[in-house]
Amino acid sequence: MSNDKPRTSTGDLLVASTNPRRPATLKTGFPRLCLAVLLWVFLIFFAGVPTISAQEGNAVGLGLLVLAIIWGVFLLCMLALLGSSHGARATVARARWAARSIGCTLPQPRTIVMLLAVTIVTLAVTALLRGPILDLVVATARTDQSPAQRAADADRSTWSTSGWAGHIPGLTLMSGVVFEELMFRGPLVAAVVFARRYIRSGWPKWAARILIAVLWIFLGYEFGIGHDTFSALNAALMVVAGLLWGVLAIWTKSLLPSIASHALYNLFADW
């Protein structure tokens, strides 16, 4: 008769936690959470370089680029430390998962039907923002601009010709779009991904949904209100836009649809 006992994996030991209300997978997910945050901050720094160079000058943009490089080295060191104990393949898989957790992926699930549906909805959201929603906001929001706001608009119009980034068509536009989407929609994707993978196993579903809803409203409002420099109309419309782009990010678990809609909207915006 064999005396071999069934092997108990590390995962099994973690599941047998003394606190049944605390999901054991949170313990194993901490390194992935750290990687996701490090990658998110690095991409924000790096994506913002052209816009900052156009707005504030090349010196400030260079400083931001140096900061991004330092943060990137820190990220690589983190990956190296993880690789030393878990193997290169596991580390690469963890890094890829971290990228997906902040929306750096195609819309999920990756099917032709899903991509077609996302494309249609993305174009529809952009059309609504430039059409009926814009008309509704114009009818309810104050449209006059103060001298300070007109001066800010004038400064904004010079971004396309200032700094090295201003001489590359579309670079400043896309830099600002990607920066804002990473900043305001990236956390939404991360909240959905982590709620599905970790929190849901220990929390009630309604708690995770409330957490995501509160974050969605907060980030949509903060995104929109930051545009009050230009006009109250711009701020009001961008609150609505931020909420709609947030829905796209939550639905697809990807930043690509909101980036596409945001870029199309900015391409035709004239105020």
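Student: Let's start in the middle of the chain. Which are the buried residues of helix 6 (residues 132–140)?

Tutor: Ile133, Leu134 and Val137. Keep in mind that this is a predicted model.

Student: What makes those buried residues line one face of helix 6?

Tutor: Look down the axis of helix 6: the buried residues fall within an arc of 100°, so they line one face. That face packs against something, too: the buried residues of helix 6 are in contact with helix 5 and helix 11 (232–252).

Student: And what does the face of helix 6 turned away from its buried side carry?

Tutor: The exposed residues Pro132, Asp135, Leu136 and Ala139.

Student: Let's zoom out. How many helices and how many strands does the chain have?

Tutor: There are 12 helices and zero strands. As for burial, 38% of the 271 residues count as buried. Among contacts between residues at least 6 apart in sequence, 76% join residues at least 24 apart.

Student: Now the rings. Why is the pair of Phe42 and Phe46 called stacked?

Tutor: Two values settle that one. The centres of Phe42 and Phe46 are 5.9 Å apart, and pairing needs centres within 6.5 Å, so the two rings count as a pair. The planes are 20° apart; under 30 degrees counts as stacked, so that is the label.

Student: What separates Phe42 and Phe46 along helix 2 (residues 25–56)?

Tutor: About one helical turn, because they are four residues apart in that helix.

Student: What makes Phe46 partly exposed, rather than buried or exposed?

Tutor: Its relative accessibility is 47%. Buried means under 20% and exposed means over 50%, so a value in between is partly exposed. Phe42 gets that label as well, with a relative accessible area of 22%.

Student: Next pair. Why are Phe184 and Phe223 called edge-to-face?

Tutor: Their planes are 65° apart, with 5.4 Å from centre to centre. An angle over 60 degrees counts as edge-to-face, so the name follows. This pair links distant parts of the chain: Phe184 is in helix 8 (residues 171–184) and Phe223 in helix 10 (residues 205–225), 39 residues apart. Phe184 and Phe223 are both buried.

Student: Which residues do ring pairs link into a cluster with Phe184 and Phe223?

Tutor: Trp245 and Tyr265. Over the whole structure, the count comes to seven aromatic pairs.

Student: How do you know that Glu181 forms a salt bridge with Arg185?

Tutor: The closest N and O atoms of Glu181 and Arg185 are 2.7 Å apart. The limit is 4 Å, so the two residues qualify. Glu181 is buried, and so is Arg185. The structure holds one salt bridge.

Student: Last stop, the surface. Which residues form a nonpolar patch there?

Tutor: Leu106, Ile112, Leu115 and Leu256, with about 370 Å² of accessible area together.

Methods. Residues are numbered from 1 along each chain as its sequence is written. This is a predicted model: local features need pLDDT of at least 70, side-chain atom pairs count only at pLDDT 80 or more; totals for chains, interfaces and linings use all residues. Side-chain values use heavy atoms; hydrogens and water are left out. Patches are made of residues with over 30% relative accessible area and no salt bridge: like charges are joined within 9 Å, nonpolar side chains (Val, Leu, Ile, Met, Phe, Trp, Tyr) within 5 Å. Accessible areas come from the Shrake-Rupley method with a 1.4 Å probe; for residues, only the protein chains shown count as cover. A salt bridge is a side-chain nitrogen of Lys or Arg within 4 Å of a carboxyl oxygen of Asp or Glu. Helices (H or I, at least four residues) and strands (E, at least two) are DSSP runs, numbered from the N terminus. Buried means under 20% relative accessible area, exposed over 50%, partly exposed in between (1.4 Å probe, protein chains only). Contact means heavy atoms within 4.5 Å. The arc is that of the directions from the helix axis to the C-beta atoms. Rings of Phe, Tyr and Trp (its six-membered ring) pair if their centres lie within 6.5 Å; planes under 30 degrees apart count as stacked, over 60 as edge-to-face and the rest as tilted.
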